[in-house]
Each structure stands twice: as C-alpha cells, then as structure tokens.
Amino acid sequence: MSALSVHAPVLLIAIPLLGAFAVPLIGKLGRGVRDVFVGLIAAFTAALAGLLAADVFGRGGAASVYVLGGKPFNIPLPSGMTAPIRILLEVDGMSAFMGLITALVTITAIAFSFSYWKKRSGGNMYYSLLLLLTAGIFGMEMTGDMFNFFVFLEVTSIAACGLIGFRVWLGRSQEAGFKVMTLYTVSGLFVLLAVGLLYGEHGGLNIAYLAHGLTGGLIDKIALGLLLTGLAMKAGAVPMHMWAPDAYGEAPAPTSAVLVANSQASLYGLFRVLFTLFGITVSAATTGWILIGFALLTIFVGVTMALVQNDIKRLIAYGAVSQIGYMLLGVGVGLATIVAKPAYGLVAMQGGIFHMINDAACIGLLFLVAGAISRAAGTRDLNKMGGLAHTMKYTSVFFVIGAFALAGVPPFNGFASKFLIYEASFKLSPFLAIIAILSSILLLAVFVKAFQGAFLGPRPASPGGGEAPLGMLIPMAVLTLVVIAFGLFPGFFVERIVTPAARALWFGRDAYISAILGG
Amino acid sequence: MNGITSGFGTWNPIAWTLLFIGILIVAFFVRSFGRKDYKRNTGQTKAFLSGNEEPDAPAGLHVSGDNLYWGMVHGLSAYYKRVRKWHSGDLSDYVAWFIGGLALIFVIIVWVG
C-alpha cells in the first residue's frame, strides 16, 4: 500500500479544504493561474478518491481506520485505552463508493465551470465555495465520528448556501439561498441535538463506539428520530423536499450537480446511521418501512411536480428529487428485511446504492446541459425556448442520453439499477414496484416535454450562442460516457464497486465496530 | 461480466442492444418492400382532415412544453391544486412540513417500533 493510499482519507478532505482557502490568494495572480490551480486540486482529489477506492475494493470493501495525530495511523486504541478519543476516519466499501461519486461529479462540474464562469466576475469566491463544499462532502463520507459528521454537514451547508445565493443580482437566488440556509440550519440543529443525546447517554462520539453501546432505549430512539428527519430533509425526501427545487434551480448549473452529490452524502449519512450506528438495536422493519413510505411519496410527488414545471432547471430538480426516492426504496426494502436477510434484500440494497452513482452521472449531465442551453437561449423558460437542436447538436444528444438514462430506458445505466430495485421491491410487495415503474414512465414523459420545448421546433430567430464551447462539451461527454459504460457493463461495476458497498452496510456492522474496538 | 442478475431475473444489455439492432435491421428490410411510387411534397403527404383543406401553420409555430400535457394536467387538476398548495414558497410552510415529518417519525419509532 502506497503512502498516498494510507493518507488518502485525510488528504481527500485536506486538499480541497486548503485549496478553498488558497483560491482567493492564487486568484490574485490571474484568472488563468487560478483555473489551473483549481483544476489541479480537483484532478488530484479525484485521483486520490480513485486510489482509495482501488485499495478498499481490493480488500473486498473491508473497513480501515485512519487516526489523526496518531502514529502509526491505523491504531485507534493505544494501549490501555478502551474508547477512541482521537479524530478518526473510517473507510469501508460504502465510504469509498461515495468518494467515487463525489470525485466524478466535482471534477466534471469544476471542468464545466471554467467555461461557464469565464465571462462572470466573482470566480475566486465561486471556486472557493465549490472546493469547500467538496471538502465537506468528502468529510461526511470519510469520518468515523458523529460530531465530526455534524461539523462536515455544517461545512457543506454553509458552502451550499453561499453557492445557491451566489448570484446576488438575482432576487430569486437570494431567496433560495435564504430558504435553504434556514432549513439546513434547522436540520443541522436536529442532528446536533441527536449527537448530544447520544453523547450524554453513552459517553462517546465515535460511531463504532456508539454502535457497540446502543441499547435501543428511549433516548436512542429519540436520537434516531432526529437524525432520520434531519438527514432525510437534507437528502430531499418528500414532504421535506421543498427547498430542493429552489436550491437546484437557482444555483449556477455546475453547482446544482454538486448539490446533488451533497444530497447523496446526506443520504449516505442516513444509511450509515440506520445500518451501522443503530443496526437492529431498534426495529429495522419499522425504520425500513419509514424509508419505503418516504420513497413512494418522493418518487410520485417528485415526478408529478416535474411534469408541470416550465423552468428547465426546476423540471430537472424535481426529477432529481424523484430519484432520491428510488435510492430510499432500494435501501428501505433492504432495511425492512435485514433481520430475515432474504436474498432479495441485498439485491434491493445493490439497486439502491447502484442508483446513487447512476443518478449522480445522469442528473449531473442534465444540469450541465441545462446550463449550456440556458446560456445559449438566454432563458430557462421552456415556453420561450425551441429549436435548439438545430444549433446545439451535441448538447441535444447529451440531453437525450441523460434523460433516457434517468427515466430508466434500456440500455442506459438508470435501467440497470432500477431493474434491481423493481425486482427486489416486487418480492416485498408488488405495489411498490408498480409505483416505481409507473413513475419512471411518467418521468420519460416529463423529459419528452423538456426535449420538445427546448430542442424541437423551427430554428430560433436569434440563434444565441450556438453550440456550447468545447470546455462545456467535454465534461458533458465524460458524464455521457459514464452513463453509457455503466449501462452497457452493469455487471462489471455491480460486482466490483456496488456489491462491496452494499455488503459493507448489509453485513458490515460488526466489522466496522471491530475495526475500532477490536475483538 | 456485462450482465446482472437479481436472483429472479437477468438483464444483459449487450444481448439486448444486439437484439435491438437486429430488430431495426429487420424493420428496415421489411420497409424496403414498401410502395416505390410514394412522392414527397405532393398531395400524398398531406394530412387528411375529413376532406377539409389543411390550414397553413404560422411561420415559426412551435408547440411549447406547456402545451404538451395540458389535457393530462387538466384531468389531474384536483391533485395538482392540492400539491401546488403544499409548495407555497413560504418558508414557514416548509419548516411546518419538516416539524410535521419529525412528529410523525417520532410517533412511529417511539410508540410503534
């Protein structure tokens, strides 16, 4: 194992964090130097995430520990200690999987931003906030400590609010930023209250230590309720999703893609709490069915609200909300059946987790396309667009592929993950699969409307900026290739990265605890 | 390597894609047997509207996204009236939904599970 692999968990947080604070200084040297610096930070971070994933998946997704300030870095309990007191990062298959998603979305969003933000001012602050958001997301995914999880959650909240309200000359952006700030703060306080309750009850903050001591008493249940609600809200689950269309819609287009990764990091936190922290100390069937209830509402309301949107970004935003429902459905079915551990429970988990990376690629692609076409058309209103396919041929192809994939049309990646979710949820209850399939069909109708409105029709009288510049086309092409590759070779990716991630949650609670506490 | 199995079914995208391409080839082959006396831009291509003349579309006419599912949305107006009311844009309502969600989860977790 190389030194970079060993230190990758902390470097994934430290590099973008240091980059975020260095950008305003580097920016003094000129826009070109700043862009090269931000690009290098993003590329190095993505390489680290890949290296860490190769290491973790090479070990079958087994948990490994990184102790900050400790030497050696993998001894969480020095001799005589019974509880970990240092800051610990703990990485298993699920954390490494989430790291890959974050790396994919952030590097393409930052690459897209170089062209998108070329003629706008405030780039130093924009990239600073974007890197801060990246650092926070990686922190949420790598930490093995509940309080540090809360800290990174707040880091992402602050950076996300700054990015959503970044375009201060637009009143709607400021309003969206304010709404998101309020709701993120309320949910963050709930998470902090839950962490405080757990600390008061069990005298520790480390996830493995807490998991070992949880009894499922009243305080634990209250903490679970607070965590579940706070994290479900930040993930954008209906009926606590109202902030999401405002946030995704008003944020700059590349940022919207990263905000989806941010929502997925909250979803990861929710799964970590339910599977690793609580496991079966509280009724997994009850919490599983709560997730399934959220999932059905999220899928149906998300899709039906998308159908009536005329703003291309809000339309995609509601589509993104609906996809969170599919992830909740897959993992909810897994949680509801974890005690009996039927085969379809793990399949459902694989489907839900596979859908996370598929959704990140598809929604990321669609938000980038939305950025490119709203820049060319000068509006986001579908009723004022039309005929863009005449001048934006590549962009229109990217949109069709992204839309087909998100709607679950074969052979794209969205179908592969939804296939696993449909089949496994059908085994639990056919009603679940029916809602999921019908909503996918409706989502296809939503994107037919968007394609008809934006791309079809006569050639526009004022063609605007024409095809998107190469700097925008390349990130969109990269995400399109990911969508196609994951769609054509799902078996390869499910076997190598999805199954170890799902197993880390499904079977890995004891291994996660023993990596810290031994035994 | 490229396919996945759920334990109850299998999905092989490469096989599906090859089959899809094969069906397209067959479809084009069958189409090649079609009538050869079809003439573009003649009366053959005009829409038949009960014998009435097809009105000319205004230049630049485009059926916008809003028009596409008007009938469906109108049919579901009762649902949409309610759901749009939930999405009021009022931050106090958003927080109320959040608190309501928390209350419901507490009831389920503490009393049921």
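This is a predicted model: local features need pLDDT of at least 70, side-chain atom pairs count only at pLDDT 80 or more; totals for chains, interfaces and linings use all residues.

Residues are numbered from 1 along each chain as its sequence is written, while chains are lettered from A and ligands numbered from 1 in the order in which they are written.

Now colour chain B by secondary structure. You'll find five helices and two strands, running β-β-α-α-α-α-α from the N terminus. (Helices, H or I with at least four residues, and strands, E with at least two, are DSSP runs numbered from the N terminus.) The radius of gyration of chain B, over C-alpha atoms, is 27 Å, well over the 13 Å of the globule rule (2.2 Å times the number of residues to the power 0.38) for 113 residues, so chain B is more spread out than a compact globule. Buried residues, those with 20 or more other C-beta atoms (placed from the backbone) within 10 Å of their own, make up 11% of the chain.

Next, show both chains together. Which residues touch? The contact takes 39 residues from chain B and 55 from chain A, counting residues whose C-beta atoms, placed from the backbone, lie within 7 Å. On the chain B side, helix 5 gives the most, with 13 residues.

Still in chain B, pick B:Ser50, in the loop between helix 1 and helix 2. Its phi is positive, about 55 degrees, although it is not a glycine.

Jump to chain A and select A:Lys341, in the loop between helix 12 (312-336) and helix 13 (343-377). A:Lys341 isn't a glycine either, yet has a positive phi of about 50 degrees.

Two cis peptide bonds come next. One runs from A:Val238 to A:Pro239, with omega near 10 degrees; look between helix 8 (218-235) and helix 9 (243-250) of chain A. Another joins A:Pro410 to A:Pro411, with omega near 5 degrees.

Finish at A:Gly203, which follows helix 6 of chain A and has a positive phi near 70 degrees.

Note on methods. Two residues are in contact if their C-beta atoms, placed from the backbone, lie within 7 Å. A residue is buried if 20 or more other C-beta atoms lie within 10 Å of its own, exposed if 12 or fewer, and partly exposed in between; C-beta atoms are placed from the backbone.
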